[in-house]
Amino acid sequence: MHDQTHHLILYDGTCGLCSRFNQLILRWDGRRIFEFEPLQNPTARELLARYGRNSEDLDTFYVVAHPGAPEEFLLWKSAAVYFVIVNVFGFGRMGSRPGFFPNRLCDRVYDWIAARRYRFFGRSEKCLIPK
């Protein structure tokens with residue numbers, strides 16, 4: 001994938017919350033700028049290794065923006081979620097989070113939810129997002 005208008009979401013393929021979030025993106029991403037890859041797949045492992053990240057860390061949601069392009073970059077946790085929301089729903093087209101939501105606070109909330117996501121949203125034995 002080398003199209004600069006596309007981004008790749010890397011997610012836990014067995015997580016009920018991730019599945020629901022991705023289904024929402026599939027429904028609302030009219031421009032089809034997002035593609036999906038479970039963290040459990042080799043492609044995710046290879047991409048994250050380039051950034052010194054471990055795909056076995058299933059508590060983290062990632063976005064590879066502009067994969068394969070010179071301006072490719074990686075976002076994770078709340079910054080990745082915010083990037084997806086802004087690009088799909090267009091809330092403000094701000095590019096970064098508003099200052100009244102500090103990164104550290106947003107990531108703490110993210111970590112709290114991630115630690116409880118299977119309990120709250122369930123888990124499946126296989127990835128629920130179609131290729």
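Colleague: Let's pick a residue. Is Ala65 buried or exposed?

Modeller: Keep in mind that this is a predicted model. In it, Ala65 has 0% relative accessibility. The cut-off for buried is under 20%, so Ala65 counts as buried.

Colleague: Which strand is Ala65 found in?

Modeller: Ala65 sits in strand β3.

Colleague: Which way do the residues of β3 point?

Modeller: Tyr62 and Val64 point one way. Val63 and Ala65 point the other way. All of them are buried.

Colleague: OK, zoom out. How many helices and strands are in the protein?

Modeller: Four helices and four strands. From the N terminus, the order is β-α-β-α-β-β-α-α.

Colleague: In what order do the strands sit in the sheet?

Modeller: The order is β2-β1-β3-β4. The sheet is open, and the pairing is mixed.

Colleague: Which strands stand at the edges?

Modeller: β2 (34-38) and β4 (73-76) do. Each has a single partner strand, so one side of each has no neighbour in the sheet. From one strand to the next, the twist averages 25 degrees.

Colleague: Remind me, how do strands of a sheet pair in general?

Modeller: They pair through backbone hydrogen bonds, either parallel or antiparallel.

Colleague: New topic, helices. Which strands does α3 lie across?

Modeller: Helix α3, residues 77-89, lies across β1, β2, β3 and β4. It runs at about 105 degrees to β4.

Colleague: At what angle do α1 and α3 pack?

Modeller: About 25 degrees, and their axes are 10 Å apart. Helix α1 is residues 16-28. That angle makes α1 roughly parallel to α3.

Colleague: Which residues make the contact?

Modeller: From α1, Phe21, Leu24, Ile25 and Trp28. From α3, Val81, Val84, Ile85, Val88 and Phe89.

Colleague: Is the crossing of α1 and α3 left-handed or right-handed?

Modeller: Left-handed.

Colleague: Last bit, the whole protein. What share of the residues count as buried?

Modeller: 43% of the 131 residues. The accessible surface is about 7800 Å², and 57% of that belongs to carbon and sulfur atoms.

Colleague: And what about contacts between residues at least 6 apart in sequence?

Modeller: Of those, 63% join residues at least 24 apart.

Technical notes
Residues are numbered from 1 along each chain as its sequence is written. This is a predicted model: local features need pLDDT of at least 70, side-chain atom pairs count only at pLDDT 80 or more; totals for chains, interfaces and linings use all residues. Side-chain values use heavy atoms; hydrogens and water are left out. Helices (H or I, at least four residues) and strands (E, at least two) are DSSP runs, numbered from the N terminus. Buried means under 20% relative accessible area, exposed over 50%, partly exposed in between (1.4 Å probe, protein chains only). Contact means heavy atoms within 4.5 Å. Accessible areas come from the Shrake-Rupley method with a 1.4 Å probe; for residues, only the protein chains shown count as cover. Two strands pair if DSSP finds at least two bridges between them. Axes are lines fitted to C-alpha atoms, for helices over the stretch in contact, and angles run from 0 to 180 degrees between N-to-C directions. Angles under 35 degrees count as roughly parallel, over 145 as roughly antiparallel, 65 to 115 as roughly perpendicular and the rest as oblique. A crossing is left-handed if the near helix is turned anticlockwise from the far one by less than a right angle, and right-handed if clockwise.
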